[in-house]
Amino acid sequence: MTVLSGTWPKMTGSDEFRFLSELVLTRSSADHTIISLRDHHAGTTRFANNQVIQNVDVRRGSLAVTVAFGGRHGTASTTDFTAGAIQDTLARAEQIARISPVDPEYLPPPDPCTFPVRETASPETMAAGPAKRLEYANEAIGHCRMENIMAAGVVSSSATAVGIAADTGLFGYERRTDARFSLTVQAGDATGWSAAAHRSIDHLKVQERTLVAIAKSKRGRDAYELPAGRYSVILEPAAVAGLWAWLIRSLDAKSYMKKTSPFADKLGQAIVDKRLTLRNAPDHADLLGEAFTHEGLPSTDSVWIDQGILKQLAYDRFTAKAGGVNTIPTLEAPVLSIEGASAHSIQDLIKSTERGILVTNFWYIRPVNSRDLMLTGMTRDGTFLVEKGEIVSAVKNFRFHESPLLAFQRLSAWTTPMEAVNSETAKMLVPAMALPQFHFSSVTRF
Amino acid sequence: MSTPAWDEFAELALKRIAKSGAEYGDIRIQDSSTEQIEGEDRRIASVRDVKDIGFGVRVLYHGAWGFAASSILSLEEVPRVADLAVEIAKGSASVALEKVRLASEPVHRDRVVTPCRIDPFSVPLEKKTDLVLNTMDVLQRQSGVARSSASLWARRDKTLFVSSEGSRLEFDLLAGQGECTATALYEGRFASRSFSTPYLRKGYELIEEADFSREASRVADQALEKVKAPAVDAGQYDLVLDPEHLSLTIHESCGHPSELDRALGYEANYAGTSFLTTETRGNFRYGSRQVNLIADNTEAETLAATGYDDDGVACQRWDIVRHGIFVGYCTSRETAPKIGESRSCGSNRADGWGNIPIVRIANIGLEPGEATRDQLIADVKRGIYIEGHGSYSIDQRRYNFQFGGDAFWLIENGRRTHMLRDVIYHGITPEFWSSCDGVADRSFRRRYGFITCGKGQPGQSGWMTHAAAPARFRRIQVIRGEGDS
């Protein structure tokens, strides 16, 4: 092994960010000034057909300056941290702000506050480099080679210094790490998939997830075609997360106030099964909680859906102020839980199913209708027919046509929340769920 | 253009690569400026001026790739990053099964500049914010329009590409776009209608040539008409699709499956593979004889017409589908030899200095036919005319797709009548294109492009233009895009 195993070059520290911020603040002639830092060091080892096809390492630092004169504001950013470039960035932001129209929704930066201290940076991910990523990639590839099947996937790790400072005295700085593994195993025409994301690269469970993907691909052979229609389904956590991600994205408060939201007039009303609760848990060790948002607001525990009832919306600061909302909740670490006795595992859900479709994951989920949150998407990488408590066959992939606001009105069974992530959703903890009458609108050819 | 220091950095990186014994290396140094003005509900919500400078070094060592990049352009950082790219490539080589072999390409030394009449970055900001505000005013003048948005976008990329083979390419490329949207409310429903200029490599004349006031008035009226329109009845319809709508259909159902890296399995873990597997080239019936899909990265003003791709390969024009038969892929220097091609067609692109190039969809367009648009419609007994982009989704091998649109009109007995809402159509790609029985002539050809085509891990945004004239498709399954469908 010849690959460098050292850590990345030194990232911008808290004191350095404070120095850069002061450089901007002391030179700013604006009424208000905000400085945002993102110094991102990342690497990805990508493999396909059982070999590495892409192996990259990138450092990108960026500094954004937003200034305001009265209600006129402007933002400029740079990736160049030299003093001259930062002064130029401030000048550009000031130039924009001076000639921009007054924004009636402009608010000065938040007042300073004490942000929570969270374990957002894992030392092992900070220390991981190309060698560690290659080691994990080789582990996945090795298992697949032994089975004479093809592996495609990624191992990635990153460390990011994030900071926010303002003339109000607001100051926040945090280091965040992120490690990801995902694997698609191809056994002839069949595919199996598994994925993980964690602050710690040591928690990716590469071997365990590789074996899951291999098992799915082997079971996926000789898929046969079932007609489109309504079926009982068992949605694995990634599939559940895919649907909930769109529900969460649609919680925008301004759209709610303007009546262009699927939730119009539903705040305080039941929107899903009354046993479902959605909350933000930024301190959970398996989630990607953060101390503060890009606006400089603290991230906190909050309940968004409480026993099926919509309790919270996603506010920008202006809409919150207009609506008399004092504390703006965040939802970067979602946990979806269900009240009542749960199954121990997905296998238990399968055992209790008379006839249904087991869905590993959904792909390309998009809204069909924003009024009722009707979504479409495809099943992917492991779709199986379950009969009398057993997987009896792989089936060709379906397109679904469902609204989570309807689908999650009717839960048959569920597990406790489990880690879930896929290529289109942020990480969440959600249960696997059995749902009746899920609408598959068409079938594809594989 | 590039500064003398950039050449010094390039020379420094390439010397390190040569010393390592690597068979190939290149460096891309890029200075990108983006201006984004966004208006929402009659206010300027944000004006952003983004400067993004950095460099990426790509190394091929013993048939395996390494890539490293940094936003610190300095005499200390360039050799560090070059060495890191070499070391990463050595790591990749240590586990390589099949060595990468690059298709040959002549050495190019050239300078490519986007011709432009009005530099968008020289246009006073007040003029641009006035346009955005005035557009939203026009949108909300229509009673029933509850929300409005408008935006302008411009980007300049100054790039220096230098390879160990001797190519030296300088780029000063521009692109721009503007759009607006009205959202109307009626009896508890809401519906939006949009106007967008194409994304094109033109100066601010692109914006000035579009009559935003007229277009805003039109889409405001149509947003209200749309929200009040009857929902479509599910069933089979003939569809006549306008060029803007077709740009997305072409992108998803022809563009992506014709990317050779997908066919070879490189994207199996994310964007997916392709039903156009390598053995289908030259013999698979993709569509009817009327369907000719041409990749043309040489057409002026289009997004992928950059002179050269990020492999340093000159832009070209080639067939993807000829008389309905699939005949060609979008390729890179790495992938082209895997299907016996001696030269890449020049479709390997990165979305900036911080990413390694990957195979990207070219400017794939539908060749015009001989009909007029009215003739296409006149021969439809029961159909729907669709404009613009709406909901879209397609499986990972690009067979099963589903599209909505931005505006829909019922066609009855050869006449376009009233608007419909909630139209969704779905199909299987080769069956759909085989149902195409007419394309309008060149006078109806329009170009639309994308700058947010997602692919790759880490994710990258691809840029390309898709041109088309309206086309007719027979007996397509339509469903209603709401809860009781």
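Which residue of E6(A) does Phe181(A) stand opposite? Hold that thought while we get our bearings. What you have here is a predicted model, so everything below describes computed geometry.

Let's start with chain A as a whole. Chain A carries 10 helices and 19 strands. Its C-alpha trace covers about 70 × 60 × 35 Å along the principal axes. A compact globule of 446 residues would have a radius of gyration near 22 Å, and chain A comes in at 24 Å, which agrees. Of those 446 residues, 55% count as buried. If you look at contacts in chain A between residues at least 6 apart in sequence, 74% of them join residues at least 24 apart.

Now back to the opening question. The residue facing Phe181(A) is Ala196(A), in E6(A). Together E5(A) and E6(A) make a hairpin with 2 residues between them, and Gly188(A) in the turn has a positive phi of about 65°. Strand E6(A) is mostly covered, with 9 of its 9 residues buried. Ala190(A), Gly192(A), Ser194(A), Ala196(A) and His198(A) point one way, while Thr191(A), Trp193(A), Ala195(A) and Ala197(A) point the other way, and all are buried.

Next, go back along chain A to strand E2. In E2(A), 18 of the 19 residues are buried, so the strand is largely enclosed by the rest of the structure. Who are its partners? Strand E1 (residues 32–48) of chain A pairs with E2(A) in the antiparallel sense over 17 bridges. As a landmark, Ile34(A) has Thr66(A) of E2(A) as its bridge partner. E1(A) and E2(A) form a hairpin with 2 residues between them, where Asn49(A) in the turn has a positive phi of about 50°. E2(A) also pairs with E3(A), again in the antiparallel sense, this time over 7 bridges. Here Ala68(A) stands opposite His73(A). That pair makes a hairpin too, with 2 residues between the strands, and Gly70(A) takes a positive phi near 60°.

The remaining partner of E2(A) takes us across to the other chain. E2(A) and strand E3 (residues 64–70) of chain B pair in the parallel sense over 4 bridges, with Val58(A) opposite Ala69(B). There is a parallel pairing of E3(A) with chain B as well: strand E3 (residues 72–78) of chain A and strand E2 (residues 43–61) of chain B share 3 bridges. In that pairing, Thr75(A) has Arg48(B) as its bridge partner.

How many residues does each chain put into the contact? Chain A gives 76 residues and chain B gives 69 residues. On the side of chain A that touches chain B, strand E2 (residues 51–69) gives the most, with 11 residues. By type, that side of chain A divides into 29 nonpolar, 31 polar and 16 charged residues.

Ala268(B) sits in the loop between helix H7 (260–263) and E9 of chain B. Leaving aside neighbours within four places in sequence, Ala268(B) is in contact with Ala48(A), Ala152(A), Thr184(A), Gln186(A) and Thr273(B).

In chain B, 5 strands form an open sheet in the order E9-E12-E11-E10-E15, with antiparallel pairing. Strands E9 (284–285) and E15 (364–366) of chain B stand at the edges, each with a single partner strand, so one side of each is left without a neighbour in the sheet. E9(B) is joined by 2 bridges to strand E12 (residues 325–326) of chain B, and Phe284(B) stands opposite Phe326(B) there. Helix H6 (residues 243–255) of chain B packs on this sheet, touching E10, E11 and E15 of chain B, and its direction makes about 120° with that of E15(B).

Finally, the core. The largest nonpolar core has 276 residues, and those with the most contacts inside it include Ile234(A), Trp244(A), Val57(B) and Ile384(B). Strand E4 (residues 150–166) of chain A supplies the largest share of this core, 10 residues. Beyond its close sequence neighbours, Ile234(A) is in contact with residues including Ile346(A), Leu349(A), Val386(A) and Ala434(A).

Technical notes
Residues numbered from 1 in each chain as written. Chains lettered and ligands numbered in written order. Predicted model: local features only at pLDDT ≥ 70, side-chain atom pairs only at ≥ 80, totals over all residues. Pairing = 2+ DSSP bridges. Contact = placed C-beta atoms within 7 Å. Axes fitted to C-alpha atoms, helices over the stretch in contact; angles between N-to-C directions. Core = buried A, V, L, I, M, F, W, Y, C linked by C-beta atoms within 7 Å. Buried ≥ 20, exposed ≤ 12 C-beta atoms within 10 Å, placed from the backbone. Nonpolar A, V, L, I, M, F, W, Y, C, P; charged D, E, K, R; others polar. Rg over C-alpha atoms; globule rule 2.2 N^0.38 Å.
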